[in-house]
Amino acid sequence: MKIVVSVKLVPDTNAAKRIDPGTKRLVRTGLETVLNPFDEYAIEAALQLKEKLGGDTTVTIFTMAPESGKETVRKALAMGADDAVMLTDAGLEGSDVWATSYAMAQALEKTGFDLLIAGGLADDGNSGGVPGALTEYLGVPAITNVRKIEEAGDGKIKTQRETDSGYQVVSGPLPALITVTMAVGEPRYASLKGIMGAKKKTIATMSLPDLDLDRAVGTDGAKTEVLEISAPKVREKARVVEAADGATGAQAIFDFLRERKLV
Amino acid sequence: MQHVIVFVEHKAGQTRKVTYELATEARKIADALGGKAHAVVLGPGSSSLAEQLENYPLDVIHVTDDADVDKYLYDPAIDYLEAVAKSTGPALILLPNTMLGRDVAGRIAARLNAGLNSDVTAFQLEGGKAVSVGPKLQGSTVVASGFKNTEYGVATVRPNAFDAQAGGGSAHIANLEKPAGKAYAVVVENEVEEASGEMGLEEAPVVVSGGRGLGGPDPFTSLLKPLADALGGAVGASRAAADAGWVPYSLQIGQTGKVVSPQLYIAVGISGAIQHKVGMQTSGTIIAVNRDATVPIGEFADLLVVGDLFQIIPELTNMVQGAKAHA
């Protein structure tokens with residue numbers, strides 16, 4: 001089975017972000033590029049499935065990113081994926097969800113897959129719209145928010161799909177697209193052997209001329225445009241109350257709730 | 001785009017509260033664009049849900065009770081929504097920014113070749129256009145984003161960001177015809193409920209959230225649940241608590257969990273690292289209880305009480321219950 005994991009490279013999620021008030025752009029100095037944290041779970045789910053199925057199952061990492069993202073892709077390979085495909089082209093800059101998904105779908109069709117796994121959300125844009133749009137452009141069945149892959153093979157996949165209040169057992173034919181939740185299991189760390197091995201693994205690149213696009217992508221093809229960027233309302237530091245005992249602490253909170261008419 | 005279409009999320013005969021927020025906002029946007037406000041309610045029980053929606057200022061409520069909507073994952077819902085969008089004409093489609101809303105949004109945007117603006121917390125309505133405003137990059141920036149080169153727009157809207165106001169309803173209810181010639185393959189074989197009454201954590205007016213400081217699963221039910229109940233809210237958790245297996249991931253609030261924006265957020269034994277902050281920083285009032293005075297949450301909470309949560313929370317629950325009894 002050929003498993004492809006679609007990942008996004010994002011600015012370091014644990015670093016505090018700051019907008020330059022003059023340029024209204026993100027200050028990128030000192031911000032590392034990392035794998036979108038949700039997508040690490042997608043990689044983990046793919047590697048677990050590969051271990052379970054064995055045989056000729058392979059895991060390919062796919063990403064649309066600038067050339068400079070290569071080192072971050074190596075980190076995904078170090079976790080245990082077999083190879084990677086990068087869609088890289090300056091003409092993709094400024095793509096929104098629509099243009100991104102459209103270009104990715106064309107590249108993924110060329111890459112080919114039995115199972116395409118994606119994380120649920122990207123933590124910079126937070127739209128969660130790309131997997132759904134890919135589903136449409138690829139014309140494949142989709143199962144979202146999968147917490148467990150029960151069976152996959154023989155042209156069929158069966159999953160447990162997380163809901164707000166429990167789960168559903170959902171099945172469908174392969175090839176298919178699934179998105180996974182954090183419940184699939186904590187992403188593994190790359191071993192030293194994995195890191196060394198990743199250096200020899202293939203990262204193939206595709207660019208726009210390799211795709212059969214019949215619509216514009218990048219800024220020209222985007223269906224949305226950023227009109228204004230501003231800083232969020234800054235919250236003040238907390239009023240701090242040291243509570244020697246439970247009653248004092250509770251009274252401080254209760255008075256505060258009263259003050260704000262919340263009780 | 002001229003019209004507005006609200007996608008109604010519902011479960012077990014209950015409409016999500018965010019639907020009323022969307023319906024109220026849809027009217028304002030439709031009036032600014034010079035179009036009509038529509039809603040789409042799909043799946044078993046929709047006819048009676050549509051009646052509840054009649055109190056809101058919508059023009060048309062499109063309805064089907066088709067059981068296939070629940071039986072097959074999303075494909076029938078997307079087909080119905082597409083049919084409504086095409087028959088309505090150029091429109092802005094509003095969905096809640098929830099698990100379901102996000103899934104449907106990406107698909108319908110692609111289906112209609114539409115732009116998608118996500119996690120919207122305000123609309124700017126000037127010059128006959130609807131501009132979406134919302135936080136991006138973990139809340140470090142606020143972005144105003146418009147639509148271009150498209151007849152349709154799709155926006156996912158953060159629950160609790162808009163007011164819901166009933167009244168002015170005179171909607172016409174239209175029954176939808178089943179799209180012809182479709183075959184569906186992704187089957188919901190079984191549905192299992194694990195947590196009851198926790199639906200709509202994103203929509204709760206009050207969230208009482210627990211973290212590492214709780215030390216185990218029990219205080220979530222013995223300590224936090226009674227306080228949440230007394231305040232009319234829901235229980236949430238930090239990633240540390242979910243990773244430790246103390247609560248299901250569906251309760252996790254943060255960057256990799258749910259984003260909430262209640263009137264009141266009480267963080268109990270949560271340090272407030274960026275991971276958590278992203279999920280709750282737009283809450284109205286934030287109160288933290290922690291034994292450490294130097295926790296990061298002190299940088300952005302309104303009140304930080306430093307003390308023993310195991311003593312403070314039960315006392316507070318008593319006080320809130322007492323106040324309610326006298327109200």
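1. Two strands pair if DSSP finds at least two bridges between them. Strands (E, at least two residues) and helices (H or I, at least four) are DSSP runs, numbered from the N terminus. With that in hand, look at B:Ile93: its bridge partner in E11(B) is B:Val154. Strand E6 (residues 91–96) and strand E11 (residues 153–157) of chain B pair in the parallel sense over 5 bridges.

2. A word on the model before going on. It is predicted, with local features needing pLDDT of at least 70 and side-chain atom pairs counting only at pLDDT 80 or more, while totals for chains, interfaces and linings use all residues. Residues are numbered from 1 along each chain as its sequence is written, and chains are lettered from A and ligands numbered from 1 in the order in which they are written.

3. Now step back to the whole sheet. In chain B, 7 strands in the order E7-E11-E6-E1-E4-E5-E12 form an open sheet with parallel pairing. Strand E7 (115–120) and strand E12 (172–175) of chain B are at the edges, each with a single partner strand, so one side of each has no neighbour in the sheet.

4. Next, the domains of chain B. The assignment, whose bounds come from an automatic or database source, gives domain 1 (3–175) and domain 2 (201–326). Their centres, taken over C-alpha atoms, are separated by 30 Å. Contact (C-beta atoms, placed from the backbone, within 7 Å) links 12 residues of domain 1 of chain B with 10 residues of domain 2 of chain B.

5. How many residues does each chain bring to the contact between chains A and B? Chain A gives 76 and chain B gives 78. The chain A side divides into 37 nonpolar, 22 polar and 17 charged residues. Here Ala, Val, Leu, Ile, Met, Phe, Trp, Tyr, Cys and Pro count as nonpolar, Asp, Glu, Lys and Arg as charged, and the others, Gly among them, as polar.

6. Strands meet across the two chains as well. E13(A) and strand E18 (residues 303–306) of chain B run parallel, joined by 4 bridges. A:Val241 has B:Val305 as its bridge partner in E18(B).

7. Finally, a helix pair. The axes (lines fitted to C-alpha atoms, for helices over the stretch in contact, with angles from 0 to 180 degrees between N-to-C directions) of H7(A) and helix H9 (residues 309–326) of chain B come within 8 Å and cross at roughly 50 degrees. The residues making this contact include A:Ile253 of H7(A) and B:Leu316 of H9(B).

Terms used. Contact = placed C-beta atoms within 7 Å.
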